[in-house]
Amino acid sequence: MDIIMIPGFWLDGSSWSAVTPPLEQAGHRVRALTLPGKESKDADRSGIGLRDHVDFVVAAIDEAEEPVVLVGHSGGGSIAQMAGDARPDKVARVVYVDSAPMPEGSVINDEIPIVDHELPLPDWGFFEDEDLVDLTDELREQFRARAVPEPVGVGYDRSSFTSERRRDVPSTVICCEFPSKLIGEWIEQGAPFVREIAQMKHIEYVDLPTGHWPQFTKPTELGQILLEAVGRA
């Protein structure tokens, strides 16, 4: 199986390096993407928007001979969702790592401060306590050292979809900050931010209690969950 891995904000393809070994050992072909404008801290990010990142993933899907599994962390989950919408016949499953399908017309995060026309990793005080669970001082230092600013448009552009068929694509939501039980309660309450999840036809939830960056805080456990999810694709 071809597995296309999409990093979240401020991260490149190498951020998956501790997660991919069990997938590769099982014989899967893993492609961890570095999205446009995130090649380095000095890369040109001007003019790059959400659609550019989606199109980059769609191009990777088109290069695969068989249907793929998309794995997206955080904002990368939204990019995976939009790519799956563009190619529903070529995506066997979308795995959302501490992420979830977002409603049409929403943004990934327009609260991140813009600094010098880009979105650098904010101070840790910007994040909720739930985000930072298990992210030790050492891991925080490593994260900040590797962090690449995000293009403004990726955080601020609104999502758009082409077909209701996106809801037919099987999906796995890996719940880290908030347990799956809480997501179920939000759906029952009709919360607007989960209305897209509520309309998915084939969705499963897997709990992995930790903070927002399980590829750093629980890489072994995340790798095993991904392996199992790919096996169901």
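Before the details, a word on the conventions: residues are numbered from 1 along each chain as its sequence is written, and side-chain values use heavy atoms, with hydrogens and water left out. Since the model is a prediction, local features need pLDDT of at least 70 and side-chain atom pairs count only at pLDDT 80 or more, while totals for chains, interfaces and linings use all residues.

Let me begin with the helices. Helices here are DSSP runs of H or I with at least four residues, and strands are runs of E with at least two, numbered from the N terminus. Helix α2, residues 50-63, has 14 residues and reaches 21 Å from its first C-alpha to its last, close to the 20 Å expected at 1.5 Å a residue, where the expected span is 1.5 Å times one less than the number of residues. Its buried residues are Leu50, His53, Val54, Val57, Val58, Ala60 and Ile61; buried means under 20% relative accessible area, exposed over 50%, and partly exposed in between, with a 1.4 Å probe and protein chains only. Seen down the axis of α2, these buried residues fall within an arc of 155 degrees, so they line one face of the helix, the arc being that of the directions from the helix axis to the C-beta atoms. They pack against β1, β2, β3, α3, β4 and α5, with contact meaning heavy atoms within 4.5 Å.

Helix α9, residues 219-231, has 13 residues, and its reach from first C-alpha to last is 18 Å, close to the 18 Å expected. Pro219, Leu222, Gly223, Ile225, Leu226, Ala229 and Val230 are its buried residues, and because they fall within an arc of 165 degrees seen down the axis, they line one face of α9. On the other side of this helix, Thr220 and Gly231 are exposed.

Trp10, however, has a phi near 75 degrees, a positive value, and its place is in the loop between β1 and α1. Trp10 counts as buried, at 4% relative accessibility. Asp98 also has a positive phi, near 45 degrees, and lies in the loop between β4 and α4; at 12% relative accessibility, Asp98 counts as buried.

How much space lies in the largest pocket? The answer is about 1200 Å³, where grid points are joined across faces, edges and corners, and a volume is the space filled by probe spheres set on the points. On a 1 Å grid over the protein atoms alone, a pocket is an open set of points with protein on both sides within 12 Å along at least five of seven lines, a cavity is a set where a 1.4 Å probe fits but cannot get out, and lining residues have an atom within 4 Å of a point.

Finally, the structure holds one cavity of 30 Å³ or more, and the largest cavity has a volume of about 60 Å³. Helix α3 gives the most to its lining, with four residues.
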